[in-house]
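Subject: A structure for you to explore

Hi there,

Here is the structure I promised to pass on to you. Please open it beside this email and look around before you read further.

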Amino acid sequence: MEQPFTTEQEGLAAVPVEGMPATLRAYLPALDRAAAEAAIAEVRERLGHPTAFELRPIGELRIRAVHEEDWATAWKEHFPVMRLGSHIVIKPTWRDYEPRSGDVIVALDPGMAFGTGLHPTTRLCLVGLERWHEAGLVRGASVLDVGCGSGILAIAAGLLGARHLRAIDTDPVAVESTRENARRNDVAIVATVGSLPVDEGPVDLVLANLVASLLVDLAAELATALRPGDGSPGSGGRLLASGIFVDREAEVRRAFAAAGLRVVGRDQETDWVALDAERPGDVAPG
């Protein structure tokens with residue numbers, strides 16, 4: 001059943017729109033042509049009953065053949081090779097691509113995990129990560145990817161020269177996808193199921209492509225996960241936080257400030273915002 005819907009809870013929940021037409025799809029095996037045609041005839045007849053008694057209007061029954069190979073490959077047509085920033089290229093494993101000089105190519109098979117580069121929140125993270133790289137912050141850095149999804153951000157950080165990569169996600173499917181994609185790109189990532197806080201010590205860089213409510217709830221843990229600075233600008237660990245609807249930005253900023261994080265950069269694409277924040281020192285939250 002496909003019914004028109006609106007989204008709530010920062011895009012995480014779908015709410016059906018009452019009174020709007022819905023679409024019901026059904027799939028029949030077509031190897032036995034006679035049986036399939038008989039089933040279609042029966043469905044057409046039964047759908048006519050509610051219409052005849054004026055119970056509810058029903059649209060025309062539409063029929064088309066779906067070849068078996070379409071199921072395995074049709075979705076892949078929607079994932080092109082993408083260039084993000086100046087050097088990062090996201091290449092689906094089934095696409096051909098002739099690299100340019102200086103390209104950093106992330107070979108990706110997203111499977112069922114979030115994080116393909118198609119969504120603005122992921123693009124904002126990758127562009128911010130490249131900016132960090134150009135500022136000399138990534139090479140040799142320790143990195144924690146919170147809510148890793150397909151692993152795209154941690155892998156990109158590794159290809160840009162990060163030395164120690166850790167990825168966590170509450171979804172086991174995402175963790176396995178991260179491990180598989182890390183192997184494809186020959187990047188060493190320790191990926192585990194879980195959330196903050198992590199057992200290991202603070203890191204140089206944290207990547208958190210989540211949603212505003214989670215960023216608010218985890219603000220203190222995100223700050224603790226970062227290496228503290230000496231109080232001078234640019235000396236502390238950095239957080240790149242994405243997945244923020246523009247109308248929730250002020251709330252996230254307040255939570256970060258209360259956790260001792262200082263926002264030093266901002267990017268926006270459509271209604272999505274990414275914030276670049278620093279832990280300048282051992283500032284007591286409050």
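Below is a short tour of what turned up, taken sheet by sheet and then pair by pair. Please keep in mind that this is a predicted model.

**The seven-stranded sheet**

Now turn to the other open sheet. In which order do its seven strands lie? The order is β8-β7-β6-β9-β10-β12-β11, and the pairing is mixed. The edges are taken by β8 (190-193) and β11, and because each has a single partner strand, one side of each is left without a neighbour in the sheet. From one strand to the next, the twist averages 15°.

Is β7 enclosed or open to the outside? Five of its six residues are buried, so β7 is largely enclosed by the rest of the structure.

Helix α3 lies across β9 (205-209), β10, β11 and β12, and runs at about 160° to β10. Helix α8 (residues 249-258) also packs on the sheet, where it touches β10, β11 and β12, and its direction makes about 15° with that of β12.

**Salt bridges**

Next come the charged pairs. Side chains of opposite charge can pair when their charged atoms come close. How many salt bridges are counted in this model? The count comes to 13.

- Asp-109 and Arg-184 meet through their side chains at 3.7 Å, N to O. Asp-109 is in the loop between β5 and α3 (120-134), while Arg-184 is in helix α5 (residues 172-184), so this pair ties together parts that are 75 residues apart in sequence. With 39% relative accessibility, Arg-184 counts as partly exposed.
- Glu-269 and Arg-123 meet at 2.1 Å, N to O. This pair links distant parts of the chain, 146 residues apart, with Glu-269 in strand β11 (residues 262-269) and Arg-123 in helix α3. Glu-269 is partly exposed, at a relative accessible area of 24%.
- Arg-238 and Asp-276 have their closest N and O atoms 2.8 Å apart. Since Arg-238 lies in strand β10 (residues 238-245) and Asp-276 in strand β12 (residues 272-278), the pair ties together parts that are 38 residues apart in sequence. Arg-238 is buried, with a relative accessible area of 17%, and Asp-276 is buried too, at 10%.

There is also a network to trace: Glu-176, Arg-179 and Arg-183 are joined into one by salt bridges that share partners.

**A buried glycine and a surface patch**

Gly-117 is in the loop between β5 and α3. Is Gly-117 buried or exposed? Gly-117 is buried, because its relative accessible area is 0%. Leaving aside residues up to four places away in sequence, Gly-117 touches Met-82, Thr-122, Arg-123 and Ile-152. The C-alpha atoms of Gly-117 and Pro-80 are separated by 9.8 Å, and the two residues are 37 residues apart along the chain.

On the surface, look for the nonpolar patch formed by Val-43, Leu-47 and Ile-58, which together have about 210 Å² of accessible area. One of them, Leu-47, is found in helix α1 (residues 33-52). Leu-47 counts as partly exposed because its relative accessibility is 32%.

Enjoy exploring, and write back with any questions!

Best wishes

Definitions and conventions: Residues are numbered from 1 along each chain as its sequence is written. This is a predicted model: local features need pLDDT of at least 70, side-chain atom pairs count only at pLDDT 80 or more; totals for chains, interfaces and linings use all residues. Side-chain values use heavy atoms; hydrogens and water are left out. Patches are made of residues with over 30% relative accessible area and no salt bridge: like charges are joined within 9 Å, nonpolar side chains (Val, Leu, Ile, Met, Phe, Trp, Tyr) within 5 Å. Accessible areas come from the Shrake-Rupley method with a 1.4 Å probe; for residues, only the protein chains shown count as cover. A salt bridge is a side-chain nitrogen of Lys or Arg within 4 Å of a carboxyl oxygen of Asp or Glu. Helices (H or I, at least four residues) and strands (E, at least two) are DSSP runs, numbered from the N terminus. Buried means under 20% relative accessible area, exposed over 50%, partly exposed in between (1.4 Å probe, protein chains only). Two strands pair if DSSP finds at least two bridges between them. Axes are lines fitted to C-alpha atoms, for helices over the stretch in contact, and angles run from 0 to 180 degrees between N-to-C directions. Contact means heavy atoms within 4.5 Å.
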